[in-house]
Amino acid sequence: MGRRLIHGLSGAAVFLVSVTLFSVRHRGAQETTRYPGVGEGISEKPEQRSKASAEGGGGREQKDLQVRPPEGYRAEERLTLGDVFIAVKTTKRFHQSRMELLLDTWISRAREQTYVFTDEEDDGLKRRMGDHAIFTNCSAEHSHLALSCKMSAEFDAFLASGRSWFCHLDDDNYLNPWALLKLLSSYSATWDVYLGKPSLNRPIRASEMLPNNQTKSVRFWFATGGAGFCISRKLASKMVPWASGRNFLSTSELIRLPDDCTVGYIIECKVGGQLLPNALFHSHLENLQLIPPSRLTQQVTLSYGVFENKLNVIELSGPFSPQEDPSRFRSLHCHLYPETSWCLQAVGW
């Protein structure tokens, strides 16, 4: 019981610091007043990103998002978790408030497949993750260049791994490894596959920099990094000229947008690929309480944050109370893995 109370008090204390605020700027002061400290390290909504807008008219014809049936990508061989490279992006100040929660929950079930990319060395993280903790020397800022620096490190590490699938996550995501494996098993890594959830209902438009200070308008779909996304090795290999090494940062500078937008830009505007939207990925940019509790264990990723001036978490009963488990990640983990030692210690579980 003492251990549960410690988990609860510490979890509640750090939750309001680490959750992600995604309301528009004119609401920022109001939300920070209601949830002190919650705006720390928050990025803008995709619609507000510099030099870009989500529009349906003007320029070249809008590219519709086509949902192609999985049958066209059916895998021929049995996929294992060892075929997947899972990258988690974080920053030093969230090592305790966010990463320890992930390490205690889903990462404990996929440690050999998971690599954590951060900006500063941490003995505690290194002790728990060993050589799977990657210290990138990227800036801790939440700028598009700093974010792209980490994404570049993730992409290069995946290429070197020889694995079939690259899956990116943020440090406020819960991943269900087996739901992910089930989803990826419907596709083949030998096809061009880009899976994720767009945060917009239309393509984003950006200004691409050209020589002689010229620009051109480009439109493309992208999977929001806050929900996680996956890319097949076949597609990743085609991205190399724009995404490997320092090329990713140079490409990001062309459109001056964050890393997840840059991934979509490379795939759709440079490689000629297409986002395959999937509703099993979830970010803090959506109302998570709309997900039926009966379907939570089927989702690939989940998140937590603030939505419309309210705490935004999944609705789930026990074994821990919202005060003990504000993110609901521990309770979800116990529903998925009830044999976990600290789940068995929960009263009435």
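I started with helix H3 (95-104), taking helices as DSSP runs of H or I with at least four residues and strands as E runs of at least two, numbered from the N terminus. H3 is mostly covered, with 7 of its 10 residues buried; buried means under 20% relative accessible area, exposed over 50%, partly exposed in between (1.4 Å probe, protein chains only). The buried residues of H3 are His95, Ser97, Arg98, Met99, Leu101, Leu102 and Leu103.

I noted that the model is predicted, so local features need pLDDT of at least 70 and side-chain atom pairs pLDDT 80 or more, while totals for chains, interfaces and linings use all residues. Numbering runs from 1 along each chain as its sequence is written, and side-chain values use heavy atoms, without hydrogens and water.

Next I looked up the nonpolar cores (buried Ala, Val, Leu, Ile, Met, Phe, Trp, Tyr and Cys joined through side-chain atoms within 4.5 Å). The largest has 47 residues, and Trp106, Trp165, Leu180, Leu184 and Leu195 have the most contacts inside it. Elements giving it two or more residues include H3, strand E3 (84-89) and helix H10 (329-336). H6 gives the largest share, 5 residues. Another core, of 32 residues, lies apart from it and includes Tyr115 and Phe158.

For Leu180 I listed contacts (heavy atoms within 4.5 Å). Not counting residues up to four places away in sequence, Leu180 touches Val84, Cys167, Leu175, Cys230 and Val300.

Last, I checked Arg328, in the loop between strand E15 (310-312) and H10. Arg328 counts as buried because its relative accessibility is 4%. Its side chain reaches the backbone oxygen of Phe320 at 2.9 Å.

Definitions and conventions. Polar contact = N/O pair within 3.5 Å; in protein donor to acceptor, adjacent residues only side chain to side chain.
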